[in-house]
Amino acid sequence: MFQLTRLAVPSVVGGFTMVVGKNDLLKPLTLHASDNKEPCYVGDVIKKRVGFPQPTACCKPLRFKDFIVSYDSKNRIPNWVYEHLQYDKLFKDDPCDRRVKVERTLCASNEDKERPKFTPDCRIHGYHRADAKDYCDTEYEMGLMAQPENYPYDQESFCECFTMTNIVPQVPGFNCGPWFDLECYIREKLVRENKGVYVCSGPLFLPIVDDDKTVKQFDVLGDGEVSVPTHFFKVIVIETHDGQLELESYMMPNATPEEGEEVKLEDFLTPLCQIEHHSGLIFFPEKKCFSSNNRRRGARLHAL
């Protein structure tokens with residue numbers, strides 16, 4: 001008759017081995033002293049017991065059909081909006097192409113057919129979500145980073161441009177000045193003449209000198225506390241038909257253009273490093289090399 005035996009011997013990894021019964025002679029169970037230890041590093045303790053605070057939307061960009069948004073849950077506006085524009089999405093040359101241009105009335109508000117319906121983004125926590133009501137009784141307009149004019153034949157993409165995570169406060173007339181000229185330049189020249197154009201648009205908050213102190217000052221709108229940027233940027237990567245990549249980057253103040261003032265887009269060309277400094281972003285972390293259209297061609301995008 002087989003008799004049960006118990007053996008306990010020290011293991012080489014600091015635990016002990018128990019062997020019980022006939023069928024378990026070849027199945028040792030090793031228990032390690034470290035298995036039941038509490039974490040000792042303070043970060044591990046906090047993560048296990050209570051968890052870390054998390055931004056509600058900044059971790060992952062928000063996906064739309066034809067553009068993508070990184071949302072700033074603190075300022076209630078996008079960090080950036082990225083688009084990939086191509087000729088066949090904006091224009092049609094084939095007489096057999098049956099696509100019809102989207103009418104703005106298809107995205108109109110139920111109360112006013114002359115105005116688009118601005119939709120809150122339900123992917124954002126209610127604490128940090130901007131609403132069209134935040135702009136009521138203010139002097140600011142609702143500016144769109146991704147423009148519906150970039151998706152003239154796609155109703156879904158056209159109407160998604162009116163989602164609040166794509167909206168930023170702009171002063172009256174800003175979108176009728178050089179910013180509008182820049183958007184037209186991208187559509188009518190860069191997109192027409194190249195294989196594709198990647199456009200990253202976003203807000204900036206630049207400091208000013210006030211009473212010998214450098215400060216950041218900006219308005220905040222509504223109960224949602226939507227921050228008003230001092231400037232805007234566009235970083236444009238142009239993919240030519242021969243596969244080359246070229247860079248143009250612009251920065252403009254969020255200000256009403258002077259009446260009768262003649263302004264050239266070249267006046268707003270800005271070195272990428274300045275935009276990165278003010279935005280806290282690194283646009284090309286893999287250090288890709290482009291030829292640059294900012295003042296001179298052939299410049300390196302990053303110093304390697």
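Q: How many helices and strands are there in the protein?
A: There are five helices and 16 strands. Here helices (H or I, at least four residues) and strands (E, at least two) are DSSP runs, numbered from the N terminus. This is a predicted model, where local features need pLDDT of at least 70, side-chain atom pairs count only at pLDDT 80 or more, and totals for chains, interfaces and linings use all residues. Residues are numbered from 1 along each chain as its sequence is written, and side-chain values use heavy atoms, leaving out hydrogens and water.

Q: Ok, what share of the residues in the protein is buried?
A: Of the 304 residues, 41% are buried. Buried means under 20% relative accessible area, exposed means over 50%, and partly exposed is in between (1.4 Å probe, protein chains only).

Q: And what about contacts between residues at least 6 apart in sequence?
A: Of those contacts, 61% join residues at least 24 apart. A contact means heavy atoms within 4.5 Å.

Q: Which elements give two or more residues to the lining of the largest cavity?
A: Those are β6 (77–85) and α4 (178–193). α4 gives the most, with three residues. The lining includes Glu83, Leu85, Glu183, Ile186 and Arg187.

Q: What kinds of residues does the lining of the largest cavity divide into?
A: Four nonpolar, two polar and four charged. In this scheme Ala, Val, Leu, Ile, Met, Phe, Trp, Tyr, Cys and Pro count as nonpolar, Asp, Glu, Lys and Arg as charged, and the others, Gly among them, as polar.

Q: Switching topic: is Cys161 buried or exposed?
A: Cys161 counts as buried because its relative accessibility is 0%. Cys161 sits in the loop between α3 (155–160) and β8 (167–170).

Q: What does Cys161 touch, not counting residues up to four places away in sequence?
A: Its partners include Phe67, Leu144, Ala146 and Tyr151. Ala146 is 15 residues away along the chain, and the two C-alpha atoms are separated by 6.0 Å.

Q: Now strand β15. Why is it largely enclosed by the rest of the structure?
A: Because seven of the nine residues of β15 (residues 245–253) are buried.

Q: In which sense do β14 and β15 pair?
A: Antiparallel, with nine bridges between β15 and β14 (residues 231–239). Two strands pair if DSSP finds at least two bridges between them. His231 stands opposite Pro253 in β15. The two strands form a hairpin with five residues between them, and Gly243 in the turn has a positive phi of about 85 degrees.

Q: Where do Arg76 and Asp212 lie?
A: Arg76 is in the loop between β5 (67–72) and β6, and Asp212 is in the loop between β10 (208–210) and β11 (213–215). Arg76 is buried, with a relative accessible area of 11%, while Asp212 is exposed at 78%.

Notes
1 Å grid on protein atoms, 1.4 Å probe; cavity = no way out; pocket = protein on both sides within 12 Å on 5 of 7 lines; lining within 4 Å.
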